[in-house]
Amino acid sequence: MLSKKEPLAYRMRPASLDEYVGQEHILGLGKPLRRAVEEDKISSMILWGPPGSGKTSLAMLIALLTQTDFVSFSAVIGGVKGIRDIVDKAQSQIDESGKRTILFVDEIHHFNKTQQDAFLPHVEKGTVTLIGATTENPSFELNGALLSRCKTYVLKPLQHKDITILLQRALQDKEKGLGNSQVKLQPEVLNCLADFAAGDARRGYEALELVVMQAEAENIQDVFLKEAIEWLTFRPLRYDKKGDQHYDLISALHKSMRDSDVQASVYWASRMLEGGENPLYILRRLIRFAMEDVGLADPNALLQATSARYAYSFLGSPEGDISIIQCVIYLASAPKSNSVYLAEKTARKEIQTTGELEVPLVIRNAPTSLMKDSGYGQGYQYAHDYYGGVVNQQHLPKELNLQN
């Protein structure tokens, strides 16, 4: 009911596996995690997924169904001392009653890898069953020793149909949800809210609660799409500037431009700008792309990219954002060549293999008589004195000269 202080998302947390919506790939009938819960054989785990995918709800549900104590701990505000206090209480509880404790650590990636070591002895001993939740790739953010002792489950963004089911339940539930409200939502409104959630159940619940509360405040019983859109404030796109999505989107932009897909390139660049990415980062990548993927096929591409950088610096956001889009369109449309990139890569590999080979005497600098007497610069041909400006003399170290 609306009079309750708890957020709707909290009130609607599932109380059984059948009530848990989504993540069928790990919780469907016969799946390992479902069997582990049903057989009360839970081990430490990491739940990796985007916001609103059900990580906290799943951890609380596991504790409920396995009749273990559930202790929630935030890595954002907590520290190692807090972990010690929890572990001490968990050990006392084991000694006194044999009851186990699930230690749920939200945003576990906020602990540095040294701090994560604090979990190791307690996980190994079984004093606590650790369930860590993270929106970041555990392979990069978690201590390898800790990760090896935990099973990692990947949670996916909820599908449109999943969000719709959750919102319908909330509208019908008179005990925990909004079932006592007289507000009725037209089908297109529910569909709009599911779209608005973008795979995030929490966001969907918040939007639903906002619409119902606003309708009640304005004494509106039947809510149509027009009203819902007016009430829903702008939803900033989810974008983690330092996480997987950051790299996924820049990869999508880079590969779309490489494949000369102009429409996709503009889309991904706009996604990054709309999500709050630093425009200078995008411009830096565009300058690199102009050299690496366009290169000599269109030398003007580098000029276009550096000009876009200057234009953005002069105009700033949002006016300067269009210089980025113009550059993206140019680079995606340009002919492609990675010859410059391959030339640099080949040369560096050769240098790493052969080491510091000597400069041929003929092209060495000879500022002193001693150097000249030692053969420095002897026989050097000044190219401008020759027809076409081309001469045939040794430029590479003799060990590499066979490649000429």
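pLDDT is the predictor's confidence in each residue, on a scale from 0 to 100. The structure described here is a predicted model, and its chain averages a pLDDT of 87, with 93% of the residues scoring at least 70.

**Confidence by element**

- Among the elements of the chain, the highest mean pLDDT, 96, belongs to helix α18 (residues 321-333), whereas the lowest, 78, belongs to helix α6 (residues 113-116).

**The sheet**

- Five strands, in the order β2-β3-β4-β1-β5, make up an open sheet in which the pairing is parallel.
- The edges are formed by β2 (69-74) and β5 (151-154), each of which pairs on one side only, and from one strand to the next the twist averages 20°.

**Helix α12 and its two partners**

- Two packed helices are described by the angle between their axes and by the distance between those axes.
- Helix α10 (residues 160-172) packs against helix α12 (residues 201-217) at an angle of about 40°, with the axes 10 Å apart; since angles under 35 degrees count as roughly parallel and those from 65 to 115 as roughly perpendicular, α10 and α12 are therefore oblique to each other.
- The crossing of α10 and α12 is right-handed, and it brings Ile-163, Leu-166, Leu-167, Ala-170 and Leu-171 of α10 into contact with Ala-201, Gly-204, Tyr-205, Leu-208 and Val-212 of α12.
- Sorted by class, the residues in the contact of α10 with α12 are nine nonpolar and one polar, with no charged residues.
- Helix α11 (residues 187-197) also meets α12: their axes come within 8 Å and cross at roughly 140°, and because only angles over 145 degrees count as roughly antiparallel, α11 and α12 are likewise oblique to each other.
- The crossing of α11 and α12 is right-handed, and its contact is made by Leu-193, Phe-196 and Ala-197 of α11 together with Arg-203, Gly-204, Ala-207, Leu-208 and Val-211 of α12.
- By class, six nonpolar residues, one polar residue and one charged residue take part in the contact of α11 with α12.

**Helices α16 and α18**

- Helix α16 (residues 279-294) and α18 pack at an angle of about 20° with their axes 11 Å apart, which makes α16 roughly parallel to α18.
- The crossing of α16 and α18 is left-handed, and in it Pro-279, Ile-282, Leu-283, Leu-286, Phe-289, Ala-290 and Val-294 of α16 meet Asp-321, Ile-324, Cys-327, Val-328 and Leu-331 of α18.
- The contact of α16 with α18 divides into eleven nonpolar residues and one charged residue, with no polar residues.

**Backbone features in loops**

- Ser-317 and Pro-318 are joined by a cis peptide bond with an omega of about 5°, and Pro-318 lies in the loop between α17 (300-315) and α18.
- Gln-67, although not a glycine, has a positive phi of about 55°, and Gln-67 is placed in the loop between α4 (55-65) and β2.

Note on methods: Residues are numbered from 1 along each chain as its sequence is written. This is a predicted model: local features need pLDDT of at least 70, side-chain atom pairs count only at pLDDT 80 or more; totals for chains, interfaces and linings use all residues. Side-chain values use heavy atoms; hydrogens and water are left out. Two strands pair if DSSP finds at least two bridges between them. Helices (H or I, at least four residues) and strands (E, at least two) are DSSP runs, numbered from the N terminus. Axes are lines fitted to C-alpha atoms, for helices over the stretch in contact, and angles run from 0 to 180 degrees between N-to-C directions. A crossing is left-handed if the near helix is turned anticlockwise from the far one by less than a right angle, and right-handed if clockwise. Contact means heavy atoms within 4.5 Å. Ala, Val, Leu, Ile, Met, Phe, Trp, Tyr, Cys and Pro count as nonpolar, Asp, Glu, Lys and Arg as charged, and the others, Gly among them, as polar.
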